[in-house]
Amino acid sequence: MVCFNRRDLGLLALRVGTGAVLAAHGSQKLAGWFGGGGIQGTTAAMEAMGFHPPKHSAVAAGLGEAGGGALLALGLATPAAGAAAAGAMAGAVAVHAPEGFFAQGGGYEYPAFLGFTAAAIGLTGPGRYSLDHVTCHVFDRPWMVALAFAGSAAAAAAVVGRRAKGRAEREEETS
């Protein structure tokens, strides 16, 4: 008799749902799928939002979302996947923060939710129904959690900080 574990089924559903949403958003940025702007459109958007260099920012955001999302859905390298997606969402939160919290007004509610969910999965682990479990967690070691989240936090802080500094400089020039 096969006995399914509800916790692991719940993690599977959460991983696949969150990962699919992130992968879809990232593929809009990278490949122009699902009505997205592709790398050229995303680069232009990143420049308009004050991210520099804009093409590197576009690629990083797209890879963080698409790559992190795909890996989360598969349950492979889960700490790195969760950290990458959470870092990408930190940049999105920074863009939407001036509009307040709620998404209906252009706020950061949605990217914050995706980022927190990805981070929680990365910290919790993928569960038994995952490629990490199949591979005996070779890409999901305890030290990887700390390293992945520290690296992602440092990168997100640098990118968001650089953007804020550039925006402040441009505002000072125009006043």
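Which helix gives the most to the lining of the largest cavity? The points below take up that question and others on what is a predicted model.

1. The cavity. The structure holds one cavity of 30 Å³ or more, and about 30 Å³ of space lies in the largest cavity. Helix H7, which runs over residues 142–174, gives the most to the lining of this largest cavity, with three residues. The residues that line the cavity are Gly50, Phe51, His52, Ser57, Val159, Arg162 and Arg163, and by class they divide into two nonpolar, three polar and two charged.

2. The cis peptide bond. His52, one of the residues that line the largest cavity, is joined to Pro53 by a cis peptide bond, for which omega is about -5°.

3. A positive phi. In the loop between H3 and H4 one finds Ala77, whose phi is near 55°, a positive value in a residue other than glycine.

4. The packing of H1 with H3. Helix H1 (residues 6–31) and helix H3 (residues 54–74) pack at an angle of about 150°, and their axes are 7 Å apart. Angles over 145 degrees count as roughly antiparallel, and H1 and H3 are therefore roughly antiparallel to each other. The crossing in which H1 passes H3 is left-handed. On the side of H1 the contact includes Arg15, Val16, Gly19, Ala20, Leu22, Ala23, His25 and Gly26, while on the side of H3 it includes Val59, Ala61, Gly62, Leu63, Glu65, Ala66, Gly69 and Ala70. Taken by class, the residues of the contact of H1 with H3 divide into 13 nonpolar, six polar and three charged.

5. The packing of H1 with H5. H1 also packs with H5, here at an angle of about 135° and with the axes 10 Å apart. In H1 the residues Arg7, Leu11, Leu14, Arg15, Thr18, Val21, Leu22 and His25 take part, and they meet Tyr110, Leu114, Thr117, Ala118, Ile121 and Thr124 in H5. This contact has eight nonpolar, four polar and two charged residues.

6. The largest pocket. The volume of the largest pocket is about 710 Å³. Of the 33 residues that line this pocket, the closest to its centre are Met46, Ala61, Glu65, Ala88 and Ala92. The elements that give two or more residues to the lining are H1, helix H2 (38–48), H3, helix H4 (78–96), helix H5 (109–124) and H7, and H4 gives the most, with nine residues. By class, the lining of the largest pocket divides into 20 nonpolar, 10 polar and three charged residues.

Note on methods. Residues numbered from 1 in each chain as written. Predicted model: local features only at pLDDT ≥ 70, side-chain atom pairs only at ≥ 80, totals over all residues. Heavy atoms only, no water. Axes fitted to C-alpha atoms, helices over the stretch in contact; angles between N-to-C directions. Helix = DSSP H or I, 4+ residues; strand = E, 2+ residues; numbered from the N terminus. Parallel < 35°, antiparallel > 145°, perpendicular 65-115°, else oblique. Left-handed = near helix turned anticlockwise from the far one by under 90°. Contact = heavy atoms within 4.5 Å. Nonpolar A, V, L, I, M, F, W, Y, C, P; charged D, E, K, R; others polar. 1 Å grid on protein atoms, 1.4 Å probe; cavity = no way out; pocket = protein on both sides within 12 Å on 5 of 7 lines; lining within 4 Å. Points joined across faces, edges and corners; volume = space filled by probe spheres on them.
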